[in-house]
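Here is a short tour of a protein model and its ligand. Have the viewer open and follow along section by section.

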Amino acid sequence: MKCDVITLFPEMVAPVLRQSILKRARERHLLDVRVVPLRDFATDKHHITDDMPYGGGPGMVLKPEPIFAALDRIKQERGGVRVIIPSPQGAIFNQGMAEVFSREERSLVFICGHYEGIDARVMQGIDHEEVSIGDYLLTGGEMAALIMIDASARLIPGVLGDSDSIEEESFASSLLEYPHYTRPREFRGMKVPDVLVSGNHRAIRDWRRGQSLLSTLYKRPDLLAHAILTNEDRQWLGQAISGMRKEGESVRWIS
Ligand code: 6GU
């Protein structure tokens, strides 16, 4: 996966890409991210990248020329590009989009806005998609771009270890994860469930599945509508729901 992040604040982005799994993915050449400082593409001697809005009003607006210049350079270097403008006005990012991004051949170019906004001619003159990471406001697009890169990069084959990748399908299968434990076997009076130290692999698998189903039922019952469930799963959930009713709990469940 190739990405270019056009930003006024390269230091909001670059250090994150030098940590942990993203760092390893870049070292293995599975992920090629370039941070493109917008200021480098300002042509005046003060390297001005923003200006006052026509018509008045608060805040500053990112000028179009440096953004177009940065994108022209990226197009020359990369060939094909797919431009994404992080914005709370966009379609909301989800796991499906992360999968599509992870398989994209072209470079994903994120144009990160700050302050009041980006000159509208950027949106008018550049073929782009606006993508939001949720219904809240951010100070700029950088952290949103990082979130989209992180969620997409981990889906590239080889980025996660083998052991991770098999089990990391929890969202793909629309169920939440089961609880994980490591040593010590007892900590501050809290014990690791016996089944996990039983050595009975079938029992362990069934317990984990049950925990995933229960966790989803309690925390995100909306996800169960899309989950692929076996007859056994449905039976288990039915029992859990009758249990909840007996305890007088309400069941928020879409059947
Ligand atoms: Cl993707 N970008 C910005 N700038 N603000 C946001 C957002 C994205 N998603 C929610 N708020």
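Leu62 has Ile118 as its bridge partner in strand 7. This is a predicted model, so please read every value below as computed from it. The pair belongs to the contact between strand 4 (residues 61–62) and strand 7, which run parallel and are joined by two bridges.

Step back and you will see an open sheet of three strands, ordered 3-4-7, with mixed pairing. Which strands stand at the edges? They are strand 3 (50–51) and strand 7 (117–118), and each has a single partner strand, so one side of each is left without a neighbour in the sheet.

## Strand 5 and its partners

Now move to strand 5 (residues 81–92). Four bridges link strand 5 to strand 6 (residues 107–111), and the two run parallel. Within this pairing, Val83 meets Val109 of strand 6 as its bridge partner.

Keep both strands in view, as they return in the next section.

Where does the ligand sit? You will find the ligand in the largest pocket. Strand 5 and strand 8 are the elements that give two or more residues to the shell around the ligand. Strand 5 gives the most, with three residues.

The residues around the ligand include Pro86, Ser87 and Pro88, along with Val131 and Ser132.

## Polar contacts and cover

One is to the side chain of Ser132, where an N or O atom lies 3.3 Å away. A polar backbone atom of Tyr136 is 2.7 Å from a ligand nitrogen atom. For Gly140, a polar backbone atom is 3.5 Å from a nitrogen atom of the ligand. On its own the ligand has 290 Å² of accessible area, and the protein covers 95% of it.

## Two backbone details

Two spots are worth a look if you check backbone torsions. Most residues other than glycine have a negative phi, and most peptide bonds are trans. Ser20, which is not glycine, has a positive phi near 55°, and Ser20 lies in helix 2 (residues 20–27).

What kind of peptide bond joins Arg183 and Pro184? That bond is cis, with omega at about 5°. Pro184 is placed in the loop between helix 7 (162–167) and strand 9 (186–187).

Terms used:
Residues are numbered from 1 along each chain as its sequence is written. This is a predicted model: local features need pLDDT of at least 70, side-chain atom pairs count only at pLDDT 80 or more; totals for chains, interfaces and linings use all residues. Side-chain values use heavy atoms; hydrogens and water are left out. Two strands pair if DSSP finds at least two bridges between them. A residue is near a molecule or strand if one of its heavy atoms lies within 4 Å of it. A polar contact is a pair of N or O atoms within 3.5 Å; within protein, one must be able to donate a hydrogen and the other to accept it, and residues adjacent in sequence count only if both atoms are side-chain atoms. Accessible areas come from the Shrake-Rupley method with a 1.4 Å probe; for residues, only the protein chains shown count as cover. On a 1 Å grid over the protein atoms alone, a cavity is a set of points where a 1.4 Å probe fits but cannot get out, and a pocket is an open set with protein on both sides within 12 Å along at least five of seven lines; lining residues have an atom within 4 Å of a point. A molecule sits in a cavity or pocket if more than half of its atoms lie within 2 Å of its grid points.
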